[in-house]
Structure formats: structure tokens, C-alpha cells
Amino acid sequence: MNLTDALFSLLRDLREALRALLARPGYLLACILTLGLGLGANLAIFALLRGMLLQPVPSPNLDRLVQVWDASRQQQGEGGMSVADYVERKDAASLDGLALMHRVNLNLAQGDSVERIEVRRTTGNLFPIVGVQPALGRVWGAEQEMPGRDRVIVLSHDLWQRRFNADPGIVGREVRIDGESWTVLGVMPEGFYHPSRATQAYVPFAFDAAEFAGERRGSVYAVAVGLLKPDATADTVAREMQGLLDARAAADPEWRERIERNGVHAKAERLTDLQFRQIGPSMIAAQVAVLMVLLVAVANLTGLTLSHWLAQRRALAVRSALGASRLHLLRLVLAESLWLALVGCVAAIAIGAGLLNGL
């Protein structure tokens with residue numbers, strides 16, 4: 001048999017197998033749903049696990065990013081850092097940079113519509129620390145991290161597309177935020193988000209005089225993210241930060257009394273390790289659970305297929321009596337299995353995408 005005859009025979013078998021499957025819609029639908037749900041759930045959970053654990057931040061410096069905070073006995077989970085402490089610690093020898101940020105919600109007005117967006121107030125060095133620069137325009141400089149000069153904004157790619165129709169001339173335009181005029185400095189690249197996908201824009205973290213008052217030193221509402229030097233570790237950073245904390249306590253009796261009373265101490269952890277510790281066990285448990293679902297789906301699919309072909313024994317015997325070879329009958333079985341696999345995979349991708357969006 002030459003190549004042309006083999007190809008013609010394959011197409012004929014596929015057409016015949018498809019016709020046979022369409023003649024039994026109940027069996028076809030059961031197989032597609034079984035395979036689609038089993039594979040789709042695994043695709044969704046694995047994509048979620050990859051996005052939240054294996055690559056929680058789209059940054060080329062991911063392995064060197066570390067979160068730094070002040071912990072205490074009363075605190076549950078990870079804390080933050082006060083502005084005053086950040087200023088004292090931002091030039092730490094074990095870091096190539098330390099950025100401070102915190103979440104705010106602002107009202108973006110465009111025409112008659114107003115949208116409340118999640119924004120990060122951050123120091124401008126966040127962008128070189130994570131290793132990502134705007135796709136359009138630029139970020140702000142130190143002169144714009146001052147009260148009264150900080151009405152500038154860098155948009156996320158999603159916000160730029162959704163609210164401004166991906167206008168390439170957006171840089172330099174004035175937008176209305178909380179009733180005031182702000183200048184758009186830039187647009188971040190597609191796919192960039194930090195620290196979460198909900199972040200829609202970035203604005204300068206302008207420190208005012210009240211941030212440095214003594215009573216505000218214990219206000220640890222902001223998050224500090226640093227870039228490790230090549231030879232440094234998170235433990236190195238924690239020890240250095242603890243030394244700076246001890247030095248401040250030695251110079252300020254009131255602050256020392258607060259530290260001793262609350263058990264305040266410096267901590268540092270790689271972002272990847274922090275993310276895994278927070279949600280890793282639950283994500284792995286979810287992946288194991290959907291793998292069990294896949295095994296059940298495979299067992300059910302095997303049972304369906306065996307039952308189907310046992311029911312088709314008489315039809316196969318008739319075909320054989322009419323002269324069909326065993327090879328031809330085997331090709332028909334394989335052709336039906338191929339159709340089920342292809343359509344089941346398409347269903348799995350659709351179901352997986354829907355589950356992922358829902359999650």
C-alpha cells in the first residue's frame with residue numbers, strides 16, 4: 001500500500017468512526033464530559049499553582065526578591081514597616097535596593113463614569129528592583145516623591161486597554177482621580193503585575209512630616225520589598241535589619257520599651273518561600289485532589305469504552321462475516337478513540353479555562 005492509499009484509508013476510517021460516534025450521542029457526550037472534567041480540573045489547578053507558587057511575580061529578579069518586615073508577638077502573619085524605619089534601612093548593605101509600598105483605592109473618572117481602582121503607592125525604585133520598566137513612558141523620579149508634586153500615575157496594561165482603549169498617546173495626558181488632575185507618566189508591559197493581579201496602577205509614595213513622628217514608628221502598614229545582593233540571603237538581611245532595630249532601641253529608650261513590651265523583631269523572607277508557606281500546602285492538596293478526580297475519570301472512561309465495545313460485538317461480528325479484516329476493525333476502534341481524545345481535550349481546555357477564571 002502506497003502513501004496515497006494509506007492516507008485515503010485513514011481519512012475513510014476517521015470519517016466512518018465519526019459517523020458511528022455521532023449515531024450514539026449519549027455515549028459520546030458521556031465520554032467527552034468525563035474526560036473534559038477530569039483533565040480540565042487538573043489544568044486549572046496546575047495553572048493556578050504555577051502562577052501563585054512557581055512564578056508569583058512576573059519578574060526577572062524573582063529569585064532575589066525578599067520581603068522585609070517587623071514582627072511582634074501580637075501579630076498574625078507577615079507585617080510591614082513604618083516609613084521612618086524604611087528610611088533608616090533602605091541603604092542596607094545586604095540589599096541592592098529596598099522599596100516601600102502600600103495599597104490604596106482611588107476613584108478614576110472618565111467622562112460620566114467613575115471606577116474605583118486598586119492602586120499601589122510605592123517608591124520609584126520598586127521598578128528597577130523587580131527588573132521591569134514601563135512599555136510606554138517612564139516612572140517618576142525622586143522630585144515627584146514629595147507632597148504636592150506626586151500627582152502622577154503609571155497605568156497597568158490592563159487598565160490602559162480597558163479604560164483608555166490602548167491609546168498610544170496616553171503618556172502626558174491629564175486624568176481625573178479623586179476630583180484632581182493627575183498626569184499619566186507611563187504604562188506597564190502586558191502581563192506585569194505586582195504584588196497582585198488586582199493592582200491597576202502605581203503612584204508615588206510621598207512621605208510627609210507626620211510619617212516621621214515618634215508615634216508613627218510603630219505604624220507598619222506598608223510593605224517593604226528588597227533585592228538581595230548576589231552573595232546575600234534572607235537570613236543575612238534579617239540579621240542586618242535586627243542590628244539596625246537594636247541600634248535604634250539603644251538610642252531611643254521609649255522605642256526600646258515598646259520593642260521589649262511587644263517583642264518586636266526584624267524578619268526577612270524570599271517572596272517565593274513566603275508565597276509557598278502561605279498557600280503551598282493548600283494548593284498541593286488541591287492538586288492531589290484533582291489528580292484523584294482524574295484517576296476516577298480514567299476508570300469511568302475505561303468502563304464506558306469497554307461497555308460500548310462489548311455492546312458492539314454483534315456489529316463487529318457482522319462486519320467480519322462480510323469480509324472486514326481484523327486490521328480494519330482495529331483501525332476503526334483506534335479512530336473512535338482518537339476522536340474521543342481530541343474532542344475531550346478541547347472540552348478540557350474550555351472547562352479548565354472557565355474554572356481558572358472562576359478561581
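Predicted model: local features only at pLDDT ≥ 70, side-chain atom pairs only at ≥ 80, totals over all residues.
Local features need pLDDT of at least 70, side-chain atom pairs count only at pLDDT 80 or more, and totals for chains, interfaces and linings use all residues. Residues are numbered from 1 along each chain as its sequence is written, and side-chain values use heavy atoms, with hydrogens and water left out.

Start with the overall build. The protein chain has 10 helices and 10 strands. These are DSSP runs, numbered from the N terminus: helices are H or I with at least four residues, strands are E with at least two. Of its 359 residues, 43% count as buried. Buried means under 20% relative accessible area, exposed means over 50%, and partly exposed lies in between (1.4 Å probe, protein chains only). Contact means heavy atoms within 4.5 Å. Among contacts with a separation of 6 or more, 77% join residues 24 or more positions apart.

Next comes the interior. In soluble globular proteins, nonpolar side chains tend to be buried together. A nonpolar core is a set of buried Ala, Val, Leu, Ile, Met, Phe, Trp, Tyr and Cys residues joined through side-chain atoms within 4.5 Å. The largest one here has 22 residues. Leu-65, Trp-140, Val-154, Met-188 and Tyr-202 have the most contacts inside it. Strand 1 (65–71), strand 2 (95–110), helix 4 (126–130), strand 5 (152–155), strand 9 (223–228) and helix 8 each supply at least two of its residues. Helix 4 gives the largest share, 4 residues. Beyond four places in sequence, Val-154 touches residues including Trp-140, Met-188 and Tyr-202. A second, separate core of 21 residues includes Val-68, Leu-95, Leu-100 and Ala-238.

His-102 lies in strand 2. It is buried, at 12% relative accessible area. Leaving aside neighbours within four places in sequence, His-102 contacts Val-119, Arg-120, Arg-121, Phe-205, Tyr-221 and Ala-222.

Now the surface. The chain exposes about 18800 Å², and carbon and sulfur atoms supply 60% of it. Areas come from the Shrake-Rupley method with a 1.4 Å probe; for residues, only the protein chains shown count as cover. Leu-291 sits in helix 8 (residues 271–311). Its relative accessible area is 38%, so it is partly exposed.

Val-171 is found in the loop between helix 5 (157–164) and strand 6 (174–177). It is partly exposed, at 37%. Val-171 and Leu-155 are 16 residues apart in sequence, and their C-alpha atoms are 9.7 Å apart.

Finally, the charged pairs. The structure holds 15 salt bridges. In each, a side-chain nitrogen of Lys or Arg is within 4 Å of a carboxyl oxygen of Asp or Glu. Asp-85 pairs with Arg-89, with the closest N and O atoms 3.9 Å apart. The two are 4 residues apart in helix 3 (residues 83–89), so about one helical turn separates them. Asp-85 is buried, at 1% relative accessible area. Arg-89 is buried too, at 1%.

Arg-163 forms a salt bridge with Glu-115, at 3.3 Å between the closest N and O atoms. This pair links distant parts of the chain: Arg-163 is in helix 5, Glu-115 is in strand 3 (residues 113–122), and they are 48 residues apart. Both Arg-163 and Glu-115 are buried.
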